[in-house]
Amino acid sequence: MIRFGLRLALAGGREALTRLLVIAAAVAIGSGLLLTTLAGVNAVDAQLTRYASIYPQASTAGAADPLWWSTRDDFFHGKPILRIDVAATGPSAPTPTGIPATPGPGEFYVSPALRELFAAQPADQLADRYPGRDLGTVGPSGLTSPDTLLAIVGGTPDSVGKLPNSRQVDTIDDKPALPETTVNLILGVIAGGLLFPVLIFIGTATRLSAARREQRFAAMRLVGATPRQISTVAAVEAAVAAVAGTAVGFGLFYAFREPLAGIPFTGMPFFPGDMSLGLLNILLVALGVPAGAALAAQISLRKVRISPLGVTRRVTPRAPRAYRLIPMVLGVAVLVFALGYRPETSDGQTAVFLPGLLLIMAGLVFAGPWLTMVGARVMARYANRPATLIAARRLADNPKAGFRAISGIMLALFVTSVAVGVITTIVDERGPAPIGSTDAGTVTTVFDEKTTSVPDTLFAELHAITGVRSATAIREAPDINTGGEGGMIACADLPSAYGRCAQGAVVIEVPTGLSRWEESASSTTEWRAASITLDELQRLPVSSVVVGTDGSAAAIERVRTVLEVAFPTFWVGPNVPGDFESDFADTLRGWEQLANVIIIASLALGGCSLAVSVIGGLTERRRPFSLLRLSGAPVRVLRRVVALESAVPMLAVAALAIGMGLLAAHLFLRAQMGYTLVAPQPGFYVIVVVGLVACLGVIASTMPLLERVTGPETARSE
C-alpha cells in the first residue's frame, strides 16, 4: 500500500500533482519559518551566554590564581562602550573570553567595531582614551554582537582592585545569564506568537482538498480496501508532500541564514554562527512536520473509517459548546492571580506569566469555533440577502471550518496587541529624554572616589577645546541624605545657562549635573542658598565636574577624552543626558524590533493560511457552487458568499483578539511593573487596519478562481 500511495501522490494526474506541489510549497514556507524561529531562539541564547562572560560573578573558590575584573561603561556618539579592566594575579589566572592571553599593564584588545571607530575618528575624540599597546582584536566568542563596542584593558592587581565594581574571579562563566523577566516574557510570547501561526499554516496546507480525498478513499472502501489500507495511503500521500516541503524549507533556511543574522531583530545583529540548529531542533522539524501531516491526514479520515458511505451520508457536525471558553478564562485567571502573587525569582515569574499568556493564545484558538458559530447565528437572524443567509448558514453548520481560515489572523492580532501594549506603556512611563540645547551639550562626570580639588590645568585644557562654554566643579553637600540637591558651588561659579542664585546667596545648592533628573536646564531656575561659607565649601570633596559645550559631537567627545584621561577610575564614563536615554532607547528598540518581527511574520502567515483555506474551500465546494450557478445564482452572489464566510468571522474575532491582547498586557504590566496600560498610539490601529485590509485583499485575489471552478462542466463531471 505504501507503493500504491506513492503512485497516487506522484502519478495521480494533474490534480494530484498540483495538490502535491501546493502543499509542498506551503510546508516549505512554514518549516523554513519554523527553523528560523528555533534558530533565532538559539541565537538569543548564544548572545546571553556571551553576555555572561562580560559580567562574570565574583568567585575565588577555585584552585586557579584569581583574575581581577572590572566592567565599566563609556559612551561615544550615544553608543555604549564596554570597558573591561583585568589584571592577572598569577600564571594560572583565567583568560577573558575572546582573546589569547590576558593583557598586561599598558596593553589592550578592542572589538572589530571599536577598531573601525578608532580608524574613522580623530584620536583626541576616542582612541586617546586607551593609551598603551594595541595587542589585537577580541574574537566573536567574547562579543555579544558584531556591532559590540568593547575594550579589554590590562592593569596591575592594585590598580584594577581599586576600580569601581571590581571583583576577583577564578573562572569565566559560560552559562547563559538570566535576562530580566520582561525580556524573558517578550521572547516567550515572540516564540509562541511565531510558532502558533506557523503550525496553523502547516496544518491548513496539509488539509488542502481534504473533502476530495475523503470521497476518493470512500470509493476505495466500496471496492474492498480496509480502513488500515486507507490510513496507510493517506499517510503516505500527506508525508510525501510534507517531506518534500520540509527538505525545501531546510534549503531556504540555510540559504537565507546569513542575511537573516544581519537583521537586528533584538536591536543587535547576530553572528551567522549564532543562527544554528541543534540536533533536537533538526529532528523536531525533520520528523515532526511529516509526522504531523500524516496525523492530520489520519484525523481527516475519521468519517471514512465509520463506513464506506460515511462521506456521502454527511450530517451537520455537532455545534461547539460554550465550555471552549474555559482555557481562555483560565489564562486570564492566571494573570489575575499574578497580581497578588509575584514570585521573587526570574524563573518563578516566567513560570507564572508565560504559561498564562500561552494559555490565552491556545484558548482563543479553542474558543474560536464557538465564537464563529455565535456570530454566524446573529448574522443569519438579520440577513436580508441570499448571499448573507447562505454564508451565515454554512458558518453556523460548520464553524470549525469557517474559523480555521482566520485563526492565524486572530493570533497575529493578539500577539501584536500584547507587544504594542507593553512597549507603549513602558515608553509612556519612562518618559522622553530631556530636550534642550543646554542638556544636549552638558557633559557630566561623577567621581566614584571623591577628590579634594580639581587641578587648574584641567580647567585650562577643557576651556581650550573648541565649543566648550563652561567647566564647573560641584562639591558634595555635607547633608546629602537630608533631601537637599546633593551638590554645592559658589554662586560666582554658576554658569548663567544653568540658572541663577537666590538673592543674597554666596553658596548655593545644586544637583551634581546642574539640572534635576528628567528636567531640562534653564537660565530661569533659581537655586536656593546653602548654609555654609566659602571657606567651608572649599573643604568639601568634589563629587562631579560639569562641562557645558555648544552641543557639537566633536566638542563632547573631546571633553569626554580629557576627563577620562584625567580621572581614569570612573564607573560610568563622562556622559550627556542623551547617553542614558540612548541606552534605554537601544533596549526598547530591541523590543520593538521583536514586536515588529511578530507583527509582520504573524500577519503574513495568517494571510497565507487564509489564502490556502479559501482556495481549499473553493475547490472542495465547487460542485455545490456549480449547482447554484445552474439554478440561476449569479457569480457575484457566490463571490459575496465566499467573502462573507471569511470576512465576517475575521472582523468579529479581530475585536476579541485585540481586546484580549490589551487585557493580557495590562495584567502583566500591573503585576510585573506596577504600570497601568496606556492606550496604543494611532500607528497601532493603522497597522491593524492595514493588516485586515490586506487580508481582505487576499480573499479578493481568490475570486477569479471561483468562476473557473464552478462552470456547468463541474456539475456534470462530479
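Residues are numbered from 1 along each chain as its sequence is written. Because the model is predicted, local features need pLDDT of at least 70 and side-chain atom pairs count only at pLDDT 80 or more, whereas totals for chains, interfaces and linings use all residues, and side-chain values use heavy atoms, with hydrogens and water left out.

Across the whole structure, 13 salt bridges are found, a salt bridge being a side-chain nitrogen of Lys or Arg within 4 Å of a carboxyl oxygen of Asp or Glu. One of these joins D134 to R115, with the closest N and O atoms 2.6 Å apart; since D134 lies in strand β4 (residues 133–137) and R115 in helix α3 (residues 112–120), the pair ties together parts that are 19 residues apart in sequence. D124 forms a salt bridge with R558, at 2.8 Å between the closest N and O atoms, and, as D124 lies in the loop between α3 and β4 and R558 in helix α18 (residues 553–566), this pair ties together parts that are 434 residues apart in sequence.

Within helix α18, E557 and R560 are three residues apart, about one helical turn, and form a salt bridge whose closest N and O atoms are 2.9 Å apart. E557 is buried at 2% relative accessibility, as is R560 at 1%, where buried means under 20% relative accessible area (1.4 Å probe, protein chains only). Both residues belong to a network of salt bridges that links D74, R129, E557, R560 and E564.

On the surface, R318, R321, K400 and R404 gather in a patch of positive charge, in which like charges are joined within 9 Å and residues have over 30% relative accessible area and no salt bridge.

Technical notes:
Patches are made of residues with over 30% relative accessible area and no salt bridge: like charges are joined within 9 Å, nonpolar side chains (Val, Leu, Ile, Met, Phe, Trp, Tyr) within 5 Å. Accessible areas come from the Shrake-Rupley method with a 1.4 Å probe; for residues, only the protein chains shown count as cover. Lys and Arg count as positive and Asp and Glu as negative; His and the chain ends are not counted. The place of a charge is taken as NZ of Lys, CZ of Arg, CG of Asp or CD of Glu. Helices (H or I, at least four residues) and strands (E, at least two) are DSSP runs, numbered from the N terminus. Buried means under 20% relative accessible area, exposed over 50%, partly exposed in between (1.4 Å probe, protein chains only).
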